Amino acid sequence: VQLQASGGGLVQAGGSLRLSCVASGGTFSSYTMGWFRQAPGKEREFVAAIRWFGGSTEYAASVKGRSTISRDNAKNTVYLQMDSLTLEDTAVYYCAASDQYYSGMSSYSRRTTFDYWGQGTQVTVSS
């Protein structure tokens, strides 16, 4: 399984970005996809997850209400739309895939539930 994340960049506070993650090398209909982020000097933290089949989602409290995770089955791509960005959103964002099944989406907030990771994409929010 390979994951290719893109879409990061420099954006002003209050702005928006859409991150993309293209997945290949597997059959993803049974997977759950996630986004995590890591700011300098901090632990990698959960942002959002989506179950490929059915589209159930889970969000971290810090982004809920201003972020949307979605997927395009035909393109094997997962997106993370982030709006109303703040300085605290500055981080390297990582795409991840899990072939483990948990009925409760909250289980995917743990890094250990994800088996595959892409390279990160830098998001920098300026004031």
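Let's start with Thr 32: setting aside neighbours within four places in sequence, its contacts are Ala 49, Ile 50, Arg 51, Trp 52, Ala 96, Ala 97, Ser 98, Met 105, Tyr 108 and Phe 114. Keep in mind that this is a predicted model.

**Thr 32**
- You can find Thr 32 in strand β4, which covers residues 32-38.
- Thr 32 has a relative accessible area of 0%, so it counts as buried, a label that applies under 20%.

**Thr 121**
- Thr 121 sits in strand β11, residues 121-126.
- Its relative accessibility is 9%, and therefore Thr 121 is buried too.
- The side chain of Thr 121 reaches the backbone nitrogen of Gly 8 at 3.1 Å.

**The nonpolar core**
- The largest nonpolar core holds 37 residues, and Met 33, Trp 35, Ile 69, Leu 80 and Tyr 93 have the most contacts inside it.
- At least two residues of this core come from each of β1 (2-6), β3 (17-24), β4, β5 (45-51), β8 (77-82), β9 (91-98) and β11.
- In soluble globular proteins, nonpolar side chains tend to be buried together.
- Which residues does Ile 69 contact, leaving aside neighbours within four places in sequence? They are Met 33, Trp 35, Ala 48, Ala 49, Ile 50, Thr 57, Tyr 59, Val 78, Tyr 79 and Leu 80.

Technical notes: Residues numbered from 1 in each chain as written. Predicted model: local features only at pLDDT ≥ 70, side-chain atom pairs only at ≥ 80, totals over all residues. Heavy atoms only, no water. Helix = DSSP H or I, 4+ residues; strand = E, 2+ residues; numbered from the N terminus. Buried < 20%, exposed > 50% of the residue type's maximum accessible area, 1.4 Å probe, protein only. Contact = heavy atoms within 4.5 Å. Polar contact = N/O pair within 3.5 Å; in protein donor to acceptor, adjacent residues only side chain to side chain. Core = buried A, V, L, I, M, F, W, Y, C linked by side-chain atoms within 4.5 Å.
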